Amino acid sequence: MTNEQEKAVDEFARKLIEREVCYCVSGLVSSLQKISNDVLSARSQELGFDEDDMLALAYRDPTADDYRDAAPDGFTVSQGEDGQWIWLDASEADCFDEDSPEVARHESELDAWRDLFDSRADMIDRPDGAEVYEHWLVTDYFAAKLEAKGERIVRDVAGLTIWGRSTTGQAIYADGVIQEIAAELLA
């Protein structure tokens, strides 16, 4: 990416955050997570959330990068000429035929990684999700974009859509996932 393109992506990412990220609700989520499970269970319907929502706001599911980092040497995922994603175990490379109908094809890199780890569960452990450090109210449109990238989104917590951000210490527009979304939307 050229310097001009990087500047355009940064500027668009800033505008995207201004428009789609509404408010930091980390304090609210922290307070809700401190409510005892007994109280939460008894009042969950009234309050509009439950234990699963609170747990979901604490961690995000592994992303494609998490799987890539956790994969032992010899396990890879790549995009074929048809745009579909496939995984490969290098120990089976001699008998691998990418065009074979038995080769599982996936719409996304993340789906291919998940399938690889599920298929080889006896050999490799699934990576842990990342801890969520911040909680932000986001629009439903942006929630869908973040969710497609593997970010933690919990919908309808007392009517709110919350993004569990697993990075902190930098401007939101500088997050890798935000830069990626901005670049895709600009293209």
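**Ground rules.** I am reading a predicted model, where local features need pLDDT of at least 70, side-chain atom pairs count only at pLDDT 80 or more, and totals for chains, interfaces and linings use all residues. Residues are numbered from 1 along each chain as its sequence is written, and side-chain values use heavy atoms, with hydrogens and water left out. My helices (H or I, at least four residues) and strands (E, at least two) are DSSP runs, numbered from the N terminus.

**The hairpin.** I followed β3 (residues 75-79) to β4 (residues 85-89) and found them antiparallel, joined by 5 bridges. Two strands pair if DSSP finds at least two bridges between them. Between these strands sit 5 residues, and in this hairpin G83 has a positive phi near 85°.

I then stepped back to P72, in the loop between α5 (64-70) and β3. P72 is partly exposed because its relative accessibility is 31%; buried would be under 20% relative accessible area, exposed over 50%, and partly exposed is in between (1.4 Å probe, protein chains only). The C-alpha atoms of P72 and I124 are 7.6 Å apart, although 52 residues separate the two along the chain.

**Helix α6.** In α6 (residues 109-119) I listed E109, L110, A112, W113, L116 and F117 as the buried residues. They lie on the same side of α6, because they cover an arc of only 160° around the axis. The arc is taken from the directions from the helix axis to the C-beta atoms. I saw these buried residues pack against α5, β3 and β4, where contact means heavy atoms within 4.5 Å.

**Helix α7.** Next I checked α7 (residues 140-148), whose buried residues are F142, A143 and L146. Down the axis of α7 they fall within an arc of 105°, so they line one face of the helix. Their cover includes α1 (3-20), β6 (134-138) and α8 (176-186). After α7 comes G150, with a positive phi near 90°.

**α1 meets α8.** How do these two helices pack? I found an angle of about 105° and axes 9 Å apart. Axes are lines fitted to C-alpha atoms, for helices over the stretch in contact, and angles run from 0 to 180 degrees between N-to-C directions. So α1 is roughly perpendicular to α8, a label for angles of 65 to 115 degrees (under 35 is roughly parallel, over 145 roughly antiparallel, the rest oblique). Among the residues that meet are F12 and L16 in α1, and I178 and L185 in α8.
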